[in-house]
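Here are some exercises to work through with the model open beside you. Try each task before you read its solution.

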Amino acid sequence: MAVAEEPEPLDVAGVGLGPFNLSLAALGDGVPGLRAAFYEQRSCFRWHPGLLIEGATLQVPFLADLVTLADPASEWSFLRFLRERERLFPFYFAERFHIERAEYDAYCRWVSENVPGLYFGHQVDAVRWDAERGLFEVDFTQVDARGEAAALGRSFARNLVLGIGTAPCVPEGLRPQAEDPAVPVYHSAEYLAHREELAAAEHVTVVGSGQSGAEVFLDLLRRRPVGREGLHWLTRSAGFAPMEYSKLGLEHFTPDYTRYFHGLSERVREGLLPRQWQLHKAVDVETLAAVHDELYRRALALDGGWPEAVLTPGVRVCAVEGPGGGRLRLRLDHAEQGERACLATDAVVLATGYAERPAGGLLGALEPYLRRDGAGRPLVDEEFRMVLDPAVTGSVFVQNAERHTHGVGAPDLGLAAHRSAVILNALTGRECYPLPGRTAFTTFGLRGGRSGAGAAGRSATVGV
């Protein structure tokens, strides 16, 4: 397979095409003269396809699309998508502030199929810094529909943006069964692919009390006969807690709070993050209410009986044993009671969240240039740029890999457009997209600085 080289260097090469790099590509399309290419190993865009359950909605308003909060006039907004689909008036009359996940997925796919410079079926294998050229080398493999290598390629870029996303997280003690295709233990990311099998199982256990766990439990509950539900819902948390969704609470997902958090010491940030779990790991009130309503409706139908559904907080699933020709056995530990037990079940859904994909292999050649914090994680400056040795004159930006430096808003879709605008302004060295000086009524910290993002750090000017 021949290696082809780009004749002219890119201003920016993006690795990965989830919503965040797709946002950057969409806003970048509005920057005249910007040469950009984004590479994704998948054949097309899909957003959490295993959790596009009918009726499940985004936890952010539709204004948190790929571009609107940075450029309301962009041709890649959700409202433009509705107009293209001749669904603008029906959406207007539907009065929906929170859209269904499936519609968000369809919107992102529409953008991905029309914005130029997106290369699906391109797996980035390695990146290197070429000091002589002052450019990053990006090696990639084109893969065919079967996922097999078809051709090799190389491009050169002044800057990189990593948007490789997250991967399903499975607790270590549960991995052997979850990784065995013959064992009915599935991460919630695979839920729809196994929904019919799970619905037919005599007993199913859902582990994890975040939004995904609640939606999976509710969907299974609605599909099972009254009085023969055969469901357990277990969580390590002290309760099935509602998401913090007050208007002032939501101001933790503003650029103001992001700047405040970034300015704190590493020790303080480390202490803050675990205490903020209810801002992003809990369940929205409507879903919790729907679970309770469904359980109550079934209790009414049983006329004095109770649904065969057990919801137990404070429980850690230590291991999964079996099936070995029989049922699975979950070893459970209840810390508050100091008791242990076993639960027999036919299938398990692990709604145990996601973790950042490691970029070590991809960035191996850049390792000598990376600056890290006390926990060994890359330092990221205020403009979402990895801190590198000054010998590297290009920049490596990150998307959704900076929670340790920028706070709970890192994975939030509502901050996608703003972060993309910050990155594009840093790339070009000019204000392509005006950034708001203030975004919250809350003043975080006594200093209460209102300096716009982009004031800190060195420039990554590309001269477009």
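A salt bridge here is a side-chain nitrogen of Lys or Arg within 4 Å of a carboxyl oxygen of Asp or Glu. Keep in mind that this is a predicted model.

**Exercise 1. Salt bridges across the chain**

Task: Find how many salt bridges the whole structure holds, then describe the one between Asp11 and Arg158.

Solution: Start with the total: a search of the whole structure gives 30 salt bridges. Next, go to Asp11 and Arg158, where the closest N and O atoms are 2.7 Å apart. This pair links distant parts of the chain, 147 residues apart. Asp11 sits in the loop between strand E1 (3–5) and strand E2 (12–15), while Arg158 sits in the loop between strand E7 (149–157) and strand E8 (159–162). Finally, check the accessibility of each partner. Buried means under 20% relative accessible area, so Asp11, at 3%, counts as buried. Arg158 has 32% relative accessibility and therefore counts as partly exposed.

**Exercise 2. Bridges that involve helices**

Task: Locate the partners of the salt bridges Arg101 with Glu215 and Glu229 with Arg298, and decide whether these residues are buried or exposed.

Solution: Take Arg101 and Glu215 to begin with; their closest N and O atoms are 3.0 Å apart. The pair joins helix H4 (residues 101–112), which holds Arg101, to helix H7 (residues 211–222), which holds Glu215, across 114 residues. Arg101 is buried because its relative accessible area is 9%, and Glu215 is buried because its own is 8%.

Now turn to Glu229 and Arg298, whose side chains meet at 2.9 Å, N to O. Glu229 lies in the loop between H7 and strand E12 (231–234), and Arg298 lies in helix H10 (residues 285–302), 69 residues apart. Both Glu229 and Arg298 are buried.

**Exercise 3. The surroundings of Glu402**

Task: Work out where Glu402 lies and which polar contact joins its side chain to Arg419.

Solution: First place the residue: Glu402 is in the loop between strand E19 (395–398) and H11. Its relative accessibility is 0%, so Glu402 counts as buried. Then follow its side chain. A polar atom there lies 3.0 Å from the backbone nitrogen of Asn400, and a polar contact of 2.4 Å joins the side chains of Glu402 and Arg419. Setting aside neighbours within four places in sequence, the contacts of Glu402 include Glu356, Val380 and Phe384.

**Exercise 4. Helix H8 and its packing**

Task: Say how many residues of H8 are buried and which helices they pack against.

Solution: Helix H8 (residues 255–262) has eight residues, of which six are buried. They are Pro255, Asp256, Tyr257, Thr258, Arg259 and Phe261. Their packing partners are helix H9 (266–275), helix H11 (403–406) and helix H12 (416–428).

**Exercise 5. A three-stranded sheet**

Task: Give the strand order of the open sheet of three strands and name its edge strands.

Solution: The order is E14-E15-E16, with antiparallel pairing. Strand E14 (315–321) and strand E16 (339–345) are the edges, since each pairs on one side only. Neighbouring strands of this sheet are turned by 25° against each other on average, direction ignored. Six bridges connect E14 with strand E15 (residues 328–334); in E15, Arg329 is the bridge partner of Glu321.

Methods
Residues numbered from 1 in each chain as written. Predicted model: local features only at pLDDT ≥ 70, side-chain atom pairs only at ≥ 80, totals over all residues. Heavy atoms only, no water. Buried < 20%, exposed > 50% of the residue type's maximum accessible area, 1.4 Å probe, protein only. Helix = DSSP H or I, 4+ residues; strand = E, 2+ residues; numbered from the N terminus. Contact = heavy atoms within 4.5 Å. Polar contact = N/O pair within 3.5 Å; in protein donor to acceptor, adjacent residues only side chain to side chain. Pairing = 2+ DSSP bridges. Axes fitted to C-alpha atoms, helices over the stretch in contact; angles between N-to-C directions.
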